[in-house]
Amino acid sequence: MNVFRVKYFPTYFASRSFANLSDSIYSIAILWLIQTSTLDVSVNGFVYAAISSAALCSIFFGPVVDRYAAATLAGLALLIQAIIVFMIPFIFSTDLFIVAVIIGLVFIASLFSALYYPANNKLLTLLINDPDQLQAANAAIGSSDQVINLIGYLAGGALIGWLGIQNAYLLSAALFLIAGVSFLGLLTRKTSQTHQKTNAPSSASQSSLKERFSLYLADIKAGFSFINKSRYLKIILPSTIISGAIIALLIIILPMMGEQYGSAIYYSGLYVAFFIGFFIGAILSNTLKAKGLYVAIAWLGNGLALVLFGLASNWWVTASSLLLFGACSGVMNVIQMSLIQIMTPTHLMGRVMATLSTVNNIATPIGSLIGGLLLLTFDVQSIIITSAIIFIILSGYLLSQSHFTQFNTDDAKQFKANFES
């Protein structure tokens, strides 16, 4: 079953790839900029907390994604990010005020990124309806994302080290522009037709501002109500929040480790190791049936990878541990995303995805802030080993929940049918 034969999917795939490549380049550039400007890893934690907090706004975009053409929203979000990223190299300075302005601009760009991803996820379910094709598409996207991220982080490190940080941002802006134009120019007609079928005109357009706001709040609440009805989602969400905090902690540690090893190339290399692992995991997931058991086993693998990461004595062992962590994450993410997409009705997809994104990302700024504070007091190895123990305990909890481990695509389709009836 070749998912690339599905009409419009190749264009969707290419556009998403350009967007991810751009995101990779400018993400590594901003963290490296802050690390080398301040020479203080704790500051990276506070900065990353400010940037990642924009992801918490995803929940407010859910009703918008469900009411308007997903491709149009994704395209506009990317074009606005292109403009913001293009501006950064022209105002760049190590002056603290200018650094604060740059962080503010990246925060705004992150707000539009929070709009882009729910729209992008809904767009995939509009293009592909068959559950098996959807899992194949998620596997292809997951593996491609990591190859693209690998290229992006390698290119980001190379541009920073050889050509300067300005070129990294200019390339990122150009790729955002290409991706945005692709969504707007090639997919809007298809998705607007689907939008007209699934979203009937509402009398809300003629109602008062108060009534519109009440309707908007009800739309947001619908995402939480759906999640609350699923035992599978209620089991996985608390664990996901904790893991998000731990991953945020790892992200703010990596620039410091790259600097200790000597250059931005080593920093990029650690990300590359993770992305190669994720690629392997995404490919492997395509050979597995979507089932909660494999998600729980992947969590255990993540915990063991962190033990190796905490005990690593050189760059190669550190990179190997991140490769294992990435492989387990690839299996977990593809299977989990497929199950959630299969079980969610199309008319709720934007709200559910936005709500899940917000809940999952609550831990990111919290983890960054806590991590920044912990790094002021404790050594890195102690923090990583403690994080590994937490991961292993969480995996034991998931493996003990039979409803979670046995949940599969048939259960997801049955849940969707019961919900819609």
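Which backbone nitrogen does a side-chain oxygen of Asn-408 reach at the start of H17?

## Helix H17

At the start of H17, the backbone nitrogen of Asp-410 has a side-chain oxygen of Asn-408 within 3.1 Å. This is a predicted model, in which local features need pLDDT of at least 70 and side-chain atom pairs count only at pLDDT 80 or more, while totals for chains, interfaces and linings use all residues. Residues are numbered from 1 along each chain as its sequence is written, and side-chain values use heavy atoms, with hydrogens and water left out.

Helix H17 (residues 409-420) has twelve residues and reaches 17 Å from its first C-alpha to its last, close to the 16 Å expected at 1.5 Å a residue; the expected span is 1.5 Å times one less than the number of residues, and helices are DSSP runs (H or I, at least four residues) numbered from the N terminus. Thr-409, Ala-412 and Phe-415 of H17 are buried, a term that means under 20% relative accessible area, with exposed being over 50% and partly exposed in between (1.4 Å probe, protein chains only). These residues cover an arc of only 120° around the axis, which puts them on the same side of H17; the arc is that of the directions from the helix axis to the C-beta atoms.

## The nonpolar core

The largest nonpolar core has 106 residues, and Phe-9 and Ile-128 are those with the most contacts inside it. Its largest share, 14 residues, comes from helix H10 (residues 231-261). Such a core is a set of buried Ala, Val, Leu, Ile, Met, Phe, Trp, Tyr and Cys residues joined through side-chain atoms within 4.5 Å.

Leaving aside neighbours within four places in sequence, Ile-128 is in contact (heavy atoms within 4.5 Å) with Val-3, Val-6, Phe-9, Gln-133, Leu-134 and Ala-137.

## Aromatic pairs

The count comes to 14 aromatic pairs, where rings of Phe, Tyr and Trp (its six-membered ring) pair if their centres lie within 6.5 Å, and planes under 30 degrees apart count as stacked, over 60 as edge-to-face and the rest as tilted. Phe-9 and Phe-13 form a tilted pair, 5.9 Å centre to centre with 45° between the planes; both lie in helix H1, four residues apart, about one turn of the helix, and both are buried.

Tyr-232 and Phe-404 form a stacked pair, at 4.8 Å centre to centre and 5° between the planes. This pair links distant parts of the chain, with Tyr-232 in helix H10 and Phe-404 in helix H16 (residues 402-406), 172 residues apart.

Technical notes
Helices (H or I, at least four residues) and strands (E, at least two) are DSSP runs, numbered from the N terminus. A polar contact is a pair of N or O atoms within 3.5 Å; within protein, one must be able to donate a hydrogen and the other to accept it, and residues adjacent in sequence count only if both atoms are side-chain atoms.
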